[in-house]
Amino acid sequence: MYENSKQVFEEKIQTKITQEPAKAKAIGALVVFHITGGGDWTLDCSKEPAELKAGNTEGAKVEVTMSEEDFVKLANGSLNPQMAFLGGKLKVKGDMGLAIKLGQILT
């Protein structure tokens with residue numbers, strides 16, 4: 001179980017994009033996460049291998065905004081992504097098709 005967003009990014013997401021590069025390649029774009037209470041993170045799936053780093057990068061095709069608490073629940077599987085979106089806990093700006101593909105890396 002992950003306790004904070006930094007742990008989710010550095011352990012879960014970094015491991016996924018390293019061990020399953022095809023999932024990152026399927027996204028193929030720059031994604032920025034705005035985690036309230038956990039800072040900004042950039043996932044660059046336009047590169048091979050994909051890169052993950054703390055901070056915000058310009059030019060993202062998708063921006064995801066969530067509270068740290070909800071993001072950790074999503075990563076731990078106790079928050080359904082569709083319900084989070086419909087309930088306003090998960091906000092997406094940009095390409096919704098790419099946002100849906102992110103589920104392969106986040107859940």
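Predicted model: local features only at pLDDT ≥ 70, side-chain atom pairs only at ≥ 80, totals over all residues.
1. A word on the ground rules. Local features need pLDDT of at least 70 and side-chain atom pairs count only at pLDDT 80 or more, while totals for chains, interfaces and linings use all residues. Residues are numbered from 1 along each chain as its sequence is written, and side-chain values use heavy atoms, with hydrogens and water left out.

2. Let's start with α1, residues 5-19. Helices (H or I, at least four residues) and strands (E, at least two) are DSSP runs, numbered from the N terminus. From first to last C-alpha α1 reaches 20 Å, close to the 21 Å expected at 1.5 Å a residue (that is, 1.5 Å times one less than the number of residues).

3. Do look at Ile13: a kink of about 25° in α1 is centred there. The bend is the angle between axes fitted to the seven residues ending at a residue and the seven starting there.

4. Which residues of α1 are buried? They are Ser5, Val8, Phe9, Lys12, Ile13, Lys16 and Ile17, where buried means under 20% relative accessible area (1.4 Å probe, protein chains only). An α-helix has 3.6 residues a turn, so residues three or four places apart point the same way.

5. On to the sheet, which is open, with five strands in the order β3-β2-β1-β4-β5 and mixed pairing. Two strands pair if DSSP finds at least two bridges between them. The edge strands, β3 and β5, each pair on one side only.

6. Finally, β4 (residues 62-67) and β5 pair in the antiparallel sense over five bridges. Val64 stands opposite Val92 in β5.

Technical notes: Buried < 20%, exposed > 50% of the residue type's maximum accessible area, 1.4 Å probe, protein only.
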